[in-house]
Amino acid sequence: MELHPLLVKITDTPQFQRLRHIKQLGGTYLVYPGASHNRFEHSLGVAYLAGCLVKALCDNQLELKITDEDILCVQIAGLCHDLGHGPFSHLFDGLVIPEVKKIKQSKGKHEQMSVLMFDDIVKSLKAENEDVLKEHGLEDKDVIFIKELIEGAKTSEVQSDTPAGRDDDKSFLYEIVANKQNGIDVDKWDYFARDCHHLGIRNSFDHQRLLKFARVCEVNGRNHICFRDKEADNVYDMFRTRYTLHRQAYQHKICNIIEDMFAEALVRADRDLHEGKPEDMLKISEAIKTAEDYSKLTDEIFEQILSSTSDKLKESRDILNKIIRRKLPKFVGEARLSEKHISELKKTWKAAVEKYKPTDPTVSLNADDLPLYVVDLDHGMKDKNPIENVYFYSKRKPNEASVIKDHQLSSFLPKRFNEELVRVYYKNTDGNKEEQMKKMEEAEKCFQIWCDSNFGLQ
C-alpha cells in the first residue's frame, strides 16, 4: 500500500500507534486464536480502500469534479475512523461506559471519541509545523469535513442541515467511510475480508468487484453511490456475511460471556479505584474526557489489573483469573424468539427456575446462578431488508438509478432480516465437578420446559 505523506505523519503519532494494542475483535480472540489482528492494520486497510473507491469514482466520472483535497480527506477519515475505540474495541463503549455512567448504550460513542483523538493529532502536528495541513492543500474547512466523514453525516433525502465540509453536489463522499444511507462502506469491506481471513470463515462477498461497478447517480435530488444491477447478489452477500460473522463469531456464545466478564472486571476496577487509587493507575471512566488520558487506555489494562497487588482490585483480578483459567459460566441453552417479549423474559425465566422441581432430589437451582441474555442479530438495518436502501443502475441507463425490484431478487431471501436469541448460562463454577454436572443437567431440563411453554420460543 502506498500512503500519502500526510497519512504517514498521522500514522506516526502516539494516538494512532495506540491502535496496535487494541484487538479488532475484543474477546473473540480468546475463543478464536487466529483473531489476533488489531485496529491498527484495519485502519490502514480502510484508508487504502477509501482511496481506491474515491479515485475510481474520480477517474470514471470527471463531471463529479472530485479534487485531490477531496481524495486526501476521505483517506484521512478512513485512517482515523477507529481512533476512539477503547480496550477490547466495542466492549468498552458498549458494555463498560454505559454501566459506569448509567447511560443508555450509544452506538456512536467511539466515533465521537475518534473525532476527539483526531483533533488531538491535528493539534500535535501543528505544534511541530503550523502549516502542516496547508502544505498539503488542506484548510480548516477540510478538517471539519474529515470529522463529518468519521462520524458519518446523514445522507437521507430529507435533510435540513447541509454538512459544513462539502456542498450537496458532493454528498456521495459521505457514503464512503461510514455510510448511513445503506451501510455499504469501505470500513465493512475491510473488516469483512480481514475478519473472515483470521477467523477461517468463508467470505462470499467480493468487494473488489463491487468497487469496479460503483458509480454516482442522482436519486431523488441527491448524489448517491450506486451499483450495477447485476451486482445485487454480491451486495446481498455483503449483508449476509455481516450476519454470519455476528452469528458465528462476534456473538458467539462463549465470546459473549467472556466479554461480559471482562466488562464486569473493568466496572469493578473503576468503582474500587474511586478513592485511594494508585497514582499510576488511571481511573477508567474518567479517561474518556481527554485525548491524552484516553491514549493510555488499551487492551494492556487486562495485564495491568492482573499484575496489580492493590486490595481494591482483588474482585477484578479474580474475574480475570477465571477467564485465564477458563472457569467460565457454562452454556445451558439457546432459543430463538418468535415474538418480542424481551422485557418480560427475565421475570418469566426467574419464575420458571423457582417453580422447577429437579428430578434429582439432591439438586436445587438458584435463579441468580442462571443469568439470561438476549442477543440481537440482523443484516445491518434491524428488521428491514437492507438492500431496499441500495440504488442500482443498468448498463443501458448508467445515469439513472433506483431500488431493485422484488422480482429481480432471489426467491431464497429470508422473510425476516433479524432475530433475537435468548441464552442462559450457569455461572456458579465453584464446587466439585459431579455437583456441577448434576446442576447443569437440571438447568438444561428447566430451560427446555421454559422454552416449550413460554412466549412462542422454539
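**View 1. Helix H10, a largely enclosed helix of this predicted model**. H10 covers residues 232-250 and reaches 26 Å from its first C-alpha to its last, close to the 27 Å expected at 1.5 Å a residue, where the expected span is 1.5 Å times one less than the number of residues. Helices (H or I, at least four residues) and strands (E, at least two) are DSSP runs, numbered from the N terminus. The model is predicted, and local features need pLDDT of at least 70, side-chain atom pairs count only at pLDDT 80 or more, and totals for chains, interfaces and linings use all residues. Residues are numbered from 1 along each chain as its sequence is written, and side-chain values use heavy atoms, with hydrogens and water left out.

**View 2. Arg423 in strand S7**. Arg423, within the strand of residues 418-426, is buried with a relative accessible area of 1%. Its side chain is joined to that of Asn256 by a polar contact of 2.9 Å (a pair of N or O atoms within 3.5 Å; within protein, one must be able to donate a hydrogen and the other to accept it, and residues adjacent in sequence count only if both atoms are side-chain atoms). Leaving aside neighbours within four places in sequence, Arg423 is in contact (heavy atoms within 4.5 Å) with residues including Arg247, Glu334 and Tyr373.

**View 3. The open sheet S1-S2-S5-S6**. Its four strands show mixed pairing, two strands being paired if DSSP finds at least two bridges between them. The edge strands, S1 (214-219) and S6 (401-403), each pair on one side only. Strand S5 (residues 391-393) pairs with S6 in the antiparallel sense over three bridges, and Tyr393 stands opposite Ala401 in S6.

**View 4. The largest nonpolar core**. This core (buried Ala, Val, Leu, Ile, Met, Phe, Trp, Tyr and Cys residues joined through side-chain atoms within 4.5 Å) has 112 residues, and those with the most contacts inside it are Ile76, Ile176 and Trp189. Its largest share, 11 residues, comes from H3. A second, separate core of 22 residues includes Leu337, Ala352, Leu370 and Tyr426.

**View 5. The start of helix H16**. Here a side-chain oxygen of Asn432 reaches to within 3.2 Å of the backbone nitrogen of Glu434. Among the buried residues of H16 are Met440, Phe447 and Trp450.

Methods. Buried < 20%, exposed > 50% of the residue type's maximum accessible area, 1.4 Å probe, protein only.
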